[in-house]
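Here is a briefing for a reader who is meeting this structure for the first time. Please look over the sequence and the model before reading the notes that follow.

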Amino acid sequence: MDRSRAFVASLSGTSLEYYDFAVYGTASALVFPQLFFPGNDPVTGLLLAFTTFAVGYVSRPVGGFVFGRLGDTVGRKRVLVITLLLIGLATLLIGLLPSYATIGVSAPIVLVLLRFAQGVGVGGEWGSAVLLSGEFGDPRRRGFWSSAAQIGPPAGNLLANGVFAVLAAALTSDQLLAWGWRVAFLLSAVLVAFGLWIRLRLEDTPVFRALQASGSTPAHPIGEVVRTQPRALVAVILSRLGPDVAYSLLTVYVLTYATRAAGFSRAEVLSAVLIGSALQLGLVPAFGALSDRWNRRALSVVAVLGAGVWVFVLFPTISSRSFALLVLGVVVGLVLHAAAYGPQAAFITEQFSPRLRATGSSLGYTVAGVVGGALAPLLLTQFQASFGWTAAASYVAVACVLSAVGLAIGRDHDPREDEELAAAMTAEPSVSPAPAAGAGEPSP
């Protein structure tokens, strides 16, 4: 029961937080340039809107540093309650924020600050959310159990784009700009209340409780990760780049490119993203489970390299101005992303020893987000405007190759770490077990 409840808590809470994060990304592409960054040049307005989008990624390492270490020192559950409250409040305030026409330059300034708070919450959320489900589950099936948190981004993105699709279909463009977009942000209050109800009913993970009982929780986890497990940290950072950049292209930048360059309506592009995101809900845990049977790193390498090739097909399918080909391009891209993303949570947490998992996972995840997802919409916009779509596609492909390198230098799954920890805690709860040999370093 605890195992299933932890899976639901990780899935639901992360989905709600990524709804908040994704609804901002959609608004950045569709309405924020006109409301908060008005000007004569639409490309400049778009770049400014995507800059505030990037702030949410730049601030993620702050959340990773602050809440990642807390996940290893005070517990996974406490961190998850705090981060959910933080991002929910920030999203609610964005929905109430007056536009540039009402309060002038204060509007974009406050928008950036609230986006920063969103990023801190998401950056602190992920590491503990992955461990919540992964450490309750069977360590030999960690690919599946850890995928609960990985379902959050497509679920949140599906919900966010679904809300905007309904609003775009039901309202005129003027109504959407005037007040409709606020509905998507204000819904966050209801969703956060549900997420808190789920998370407050859980106790902390068995692994953390065992570490806490033995007194073996780390005093300075950030320094310890950097000092003792640098290779693991580099492997995690690199492994995240390709999926992050590809996801930004397929769910954020595509909204702009397909409407402006190919003439699709907002509703058509949102529909394509919705279809792909809906498929990911089932594919992410499926690929996570497959990685428990097939080598996790090999599966991920095939997926990221496939995404790096597919991006050169995606842009021509969009430029064809065929709705069917638009859907095909986005859906295949998101299927490949699911194949890389489903096993990713397990791969990342397995790079670090149990006592440093929250810190190491959070640091690697959030630092990669800065150089990956944060810059992706900006660079894609600039590359496409200056050099054409081949430059934008090449940028995504290079990120995917770097991810393959990161996966190659990582280590394979060793479930004995959790099993030996549990056995040692049961036999001698007052004795701190030594970390498994080679923790944080690749297997031979």
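Which residues form a nonpolar patch on the surface? They are Val-62, Phe-65, Val-66 and Phe-116, which together have about 310 Å² of accessible area. This is a predicted model, in which local features need pLDDT of at least 70 and side-chain atom pairs count only at pLDDT 80 or more, while totals for chains, interfaces and linings use all residues. Residues are numbered from 1 along each chain as its sequence is written, and side-chain values use heavy atoms, with hydrogens and water left out.

**The chain as a whole**
- The secondary structure comes to 21 helices and 0 strands, where helices (H or I, at least four residues) and strands (E, at least two) are DSSP runs numbered from the N terminus.
- Of the 444 residues, 59% count as buried, a term for under 20% relative accessible area, with exposed meaning over 50% and partly exposed in between (1.4 Å probe, protein chains only).
- Among contacts (heavy atoms within 4.5 Å) between residues at least 6 apart in sequence, 86% join residues at least 24 apart.

- Leaving aside neighbours within four places in sequence, the residues in contact with Trp-181 include Phe-32, Phe-36, Ile-94 and Phe-164.

- Helix H4 (residues 60-73) reaches 19 Å from its first C-alpha to its last, close to the 20 Å expected when 1.5 Å is multiplied by one less than the number of residues.
- H4 supplies the largest share of the nonpolar patch, 3 residues.
- After H4 comes Gly-75, whose phi is positive, near 125°.

**Gln-344 in helix H17**
- Gln-344 is found in helix H17 (residues 344-349), and it counts as buried because its relative accessibility is 4%.
- Not counting residues up to four places away in sequence, Gln-344 touches Gln-150, Ser-239, Arg-240 and Pro-243.

Conventions. Patches are made of residues with over 30% relative accessible area and no salt bridge: like charges are joined within 9 Å, nonpolar side chains (Val, Leu, Ile, Met, Phe, Trp, Tyr) within 5 Å. Accessible areas come from the Shrake-Rupley method with a 1.4 Å probe; for residues, only the protein chains shown count as cover. A salt bridge is a side-chain nitrogen of Lys or Arg within 4 Å of a carboxyl oxygen of Asp or Glu.
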